[in-house]
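Q: I have a structure to go through and would like to take it piece by piece. Can we begin with the terms and then move on to the details?

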Amino acid sequence: MKLDNLPEEIRELVEKSSKGESESGGRIGSGGYTAEDPSVFHDVLIGLSLQKNILLKGPTGSGKTKLAESVSHTFNQPMYSINCSIDLDTEAMLGFKTIEQVDGKSSITFVEGPVIQAMKKGHILYIDEINMAKPETLPILNGVLDYRRTITNPFTNEVITAAEGFKVVAAINEGYIGTVPLNEALKNRFIVIDVPYIKGDTLKSVLTAQSALKDERMIDQFVALSADLFTQVQNGQVSEEAASIRALLDTCDLAIYMPPKRAIQRGIIDKLEDDREKSAVKNIADTIFE
Ligand SMILES: Nc1ncnc2c1ncn2[C@@H]1O[C@H](COP(=O)(O)OP(=O)(O)OP(=O)(O)O)[C@@H](O)[C@H]1O
């Protein structure tokens, strides 16, 4: 278990609740989530240790998936993921029946999906973009997400109660095109943690660690660019995704091989729809990079 730097009381909680089978299936996430406010990660760990479901709420590229991976890393428990979309169906969550040939004979077997596997093994279930699913798809998980921690598999009639250690983390990207407001009963089953874009020295350390760009002066310039973009986002001049850390990391990588302003054009500006937003970002880039 990777518990360095955690306050004593949180470390004890994490140790107690980090059960689950250690064998096969799922994948232990890599760590690396960094935030200026340590309470973001600490509160996620506390909530999960107390068997609460966690809903990470934040704009695209703000590190929600990275945070979930870091949870898996810290608890040393494998993570099973569901990526929600309007096409998500019960089979993608719970599993499906298939015909298998055993000794020349056909038999029907059930291939367990991420929810059933994580429940049975006492591992972590990550439900990404939970508000992209059709509202009628997720209520089947209501019993999994409350004190019952139980589901009746509609394909096999098996009643499954989650093994000790089972944890649920979900992520939501509010206001994003194609999303629907989360059903209240579903939202009610989660503790909500905001995951904002990182800034300043924290951003610098993430760019230094995750980008291939090694020119410290240029990294400082990209941190300044991000701060200015953030101000424009707050003023309502540009949309939130312009300040995405993912886009900034891509831009830093490109800037090793092309002038930084071209990298910004490719990595940030060309993703924006609105011409006024594009020129606002371009103006900021012009003030920081010659
Ligand atoms: N606070 C952070 N700490 C470490 N890495 C971060 C952080 N924020 C963003 N990143 C990096 O930025 C990239 C995007 O992060 P991630 O995929 O976790 O975002 P997300 O919030 O899940 O995005 P989306 O909503 O689009 O799925 C990753 O490469 C991740 O490592």
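A: Helices and strands here are DSSP runs, numbered from the N terminus: a helix is H or I over at least four residues, a strand is E over at least two. Just after helix α5, for instance, G122 takes a positive phi of about 70°.

Q: Where do the coordinates and the numbering come from?
A: This is a predicted model, in which local features need pLDDT of at least 70 and side-chain atom pairs count only at pLDDT 80 or more, while totals for chains, interfaces and linings use all residues. Residues are numbered from 1 along each chain as its sequence is written.

Q: OK. How many helices and strands are in the chain?
A: The chain has 11 helices and nine strands. Its C-alpha atoms fill a box of roughly 70 × 45 × 40 Å along the principal axes.

Q: And what percentage of the residues count as buried?
A: Of the 290 residues, 37% do. A residue is buried if 20 or more other C-beta atoms lie within 10 Å of its own, exposed if 12 or fewer, and partly exposed in between, with C-beta atoms placed from the backbone.

Q: What does the domain assignment give?
A: It gives domain 1 (8-194) and domain 2 (200-288). Such bounds come from an automatic or database domain assignment. The centres of the two domains, taken over C-alpha atoms, are separated by 32 Å.

Q: How many residues of domain 1 are in contact with domain 2?
A: Eight residues of domain 1 are in contact with 10 residues of domain 2. Contact means that the C-beta atoms of two residues, placed from the backbone, lie within 7 Å. On the domain 1 side there are two nonpolar, five polar and one charged residues. In that scheme Ala, Val, Leu, Ile, Met, Phe, Trp, Tyr, Cys and Pro are nonpolar, Asp, Glu, Lys and Arg are charged, and the others, Gly among them, are polar.

Q: Switching to the ligand. Which residues are closest?
A: T60, G63, K64, T65 and I245 are the closest of the 20 residues that surround the ligand. A residue belongs there if its C-beta atom, placed from the backbone, lies within 6 Å of the molecule.

Q: Where does the ligand lie relative to the domains?
A: Both domain 1 and domain 2 give residues to the shell, so the ligand lies between them.

Q: Back to α7. Which of its residues are buried?
A: L203, V206 and L207. They cover an arc of only 100° around the axis, which puts them on the same side of α7. The arc is that of the directions from the helix axis to the C-beta atoms. An α-helix has 3.6 residues a turn, so residues three or four places apart point the same way.

Q: What do the buried ones pack against, and what is on the other face?
A: The buried residues of α7 pack against α8 and α9. The face turned away carries the exposed residues D201 and A209.

Q: How about α10, which residues are buried there?
A: In α10 (residues 260-267), P260, A263, I264 and G267 are buried. Seen down the axis, they fall within an arc of 100°, so they line one face of the helix. Their cover includes α8 (216-234), α9 and α11 (275-288).

Q: Now the largest nonpolar core. Which members touch the most others?
A: V115, V169 and A170, out of 46 residues. A nonpolar core is a set of buried Ala, Val, Leu, Ile, Met, Phe, Trp, Tyr and Cys residues joined through C-beta atoms within 7 Å. Another core, of 27 residues, lies apart from it and includes A255, I268, A280 and A285.

Q: What is V115 in contact with?
A: Leaving aside neighbours within four places in sequence, V115 is in contact with M93, L94, L125, L141 and V144.
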